[in-house]
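The tour below goes from one selection to the next and says what is found at each stop.

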Amino acid sequence: AAIADPRRVALVYKALADPTRLRILQRLAQGDGTVSDLMRHVDLSQPLVSWHLRRLRGAGLVETRRQGRETICSLGREALVRFHEQEQALLGLEG
């Protein structure tokens with residue numbers, strides 16, 4: 001059984017509470033992408049996309065790695081599974 005940490009669940013909820021961040025996650029669910037890919041997908045500047053990515057990374061929902069001059073982003077699938085388990089435990093909906 002997952003141990004529910006209300007602060008952790010709230011952090012993920014806050015990250016998910018923005019339509020732009022949800023669109024970034026939708027794009028990354030289809031496969032890894034560069035910051036440039038994400039900029040085109042959400043039609044925002046690099047600083048704004050990076051700002052949103054920081055929040056998603058802070059919640060564990062996105063992982064990033066450097067490849068040359070590019071930053072490659074991927075969906076934190078394991079973090080989403082853990083979040084869902086914690087959310088279920090927090091609300092008493094396990095099993």
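A residue is called buried under 20% relative accessible area, exposed over 50% and partly exposed in between, with a 1.4 Å probe and protein chains only. The model is predicted, so to speak of local features a pLDDT of at least 70 is needed, side-chain atom pairs count only at pLDDT 80 or more, and totals for chains, interfaces and linings use all residues. Residues are numbered from 1 along each chain as its sequence is written, and side-chain values use heavy atoms, with hydrogens and water left out.

**Whole chain**

Start with everything selected. The C-alpha trace spans about 45 × 25 × 20 Å along its principal axes. Of the 95 residues in the chain, 36% are buried. Colour by secondary structure: there are 5 helices and 3 strands, in the sequence pattern α-α-β-α-α-β-β-α. Helices (H or I, at least four residues) and strands (E, at least two) are DSSP runs, numbered from the N terminus. A contact is a pair of heavy atoms within 4.5 Å. Among the contacts with a separation of 6 or more, 58% are between residues 24 or more positions apart.

**The sheet**

Select the strands next. Two strands count as paired if DSSP finds at least two bridges between them. The 3 strands make an open sheet in the order β1-β3-β2, with antiparallel pairing. β1 and β2 are the edge strands, each pairing on one side only. In general, strands of a sheet pair through backbone hydrogen bonds, either parallel or antiparallel.

Select β3, residues 70-75. How many of its residues are buried? The count is 5 of 6, so the strand is mostly covered. On one side, β3 pairs with β1 (residues 33-34) over 2 bridges in the antiparallel sense. The antiparallel pairing of β3 with β2 (residues 62-67) runs over 6 bridges. There, Thr64 has Cys73 of β3 as its bridge partner.

Go to the hairpin of β2 and β3, where 2 residues lie between the strands. Gly68 in this hairpin takes a positive phi near 65 degrees.

Now select Thr34, a residue of strand β1. Its relative accessibility is 15%, which means that Thr34 counts as buried. Ile72 in β3 stands opposite Thr34. With neighbours within four places in sequence left aside, Thr34 is in contact with Glu70, Thr71 and Ile72.

**Helix α4**

Select residues 46-58, helix α4. The expected span of a helix is 1.5 Å times one less than its number of residues. For the 13 residues of α4 this gives 18 Å, which agrees with the 18 Å between its end C-alpha atoms.

Which residues of α4 are buried? They are Val49, Ser50, His52, Leu53 and Leu56. Look down the helix axis: the buried residues of α4 fall within an arc of 165 degrees, so they line one face of the helix. The arc is that of the directions from the helix axis to the C-beta atoms. Their cover includes α1 (6-16), α2 (19-29), α3 (35-42), β2 and β3.

Asp43 is in the loop between α3 and α4. Asp43 has a positive phi of about 55 degrees, although it is not a glycine. Is Asp43 buried or exposed? At 67% relative accessibility, Asp43 counts as exposed. Just after α4, Gly60 takes a positive phi of about 80 degrees.

**α2 against α4**

Show α2 together with α4. Their axes come within 10 Å and cross at roughly 75 degrees. This makes α2 roughly perpendicular to α4. Axes are lines fitted to C-alpha atoms, for helices over the stretch in contact, and angles run from 0 to 180 degrees between N-to-C directions. Angles under 35 degrees count as roughly parallel, over 145 as roughly antiparallel, 65 to 115 as roughly perpendicular and the rest as oblique. To see the contact, select Thr20, Arg21, Ile24 and Leu25 of α2 with Trp51, His52, Leu53, Arg55 and Leu56 of α4.

**Last stop: Leu11**

Leu11 is in helix α1. With 35% relative accessibility, Leu11 counts as partly exposed. Not counting residues up to four places away in sequence, Leu11 touches Gly58 and Ala59. Finally, draw the C-alpha to C-alpha distance from Leu11 to Gln30: the two are 24 Å apart in space and 19 residues apart in sequence.
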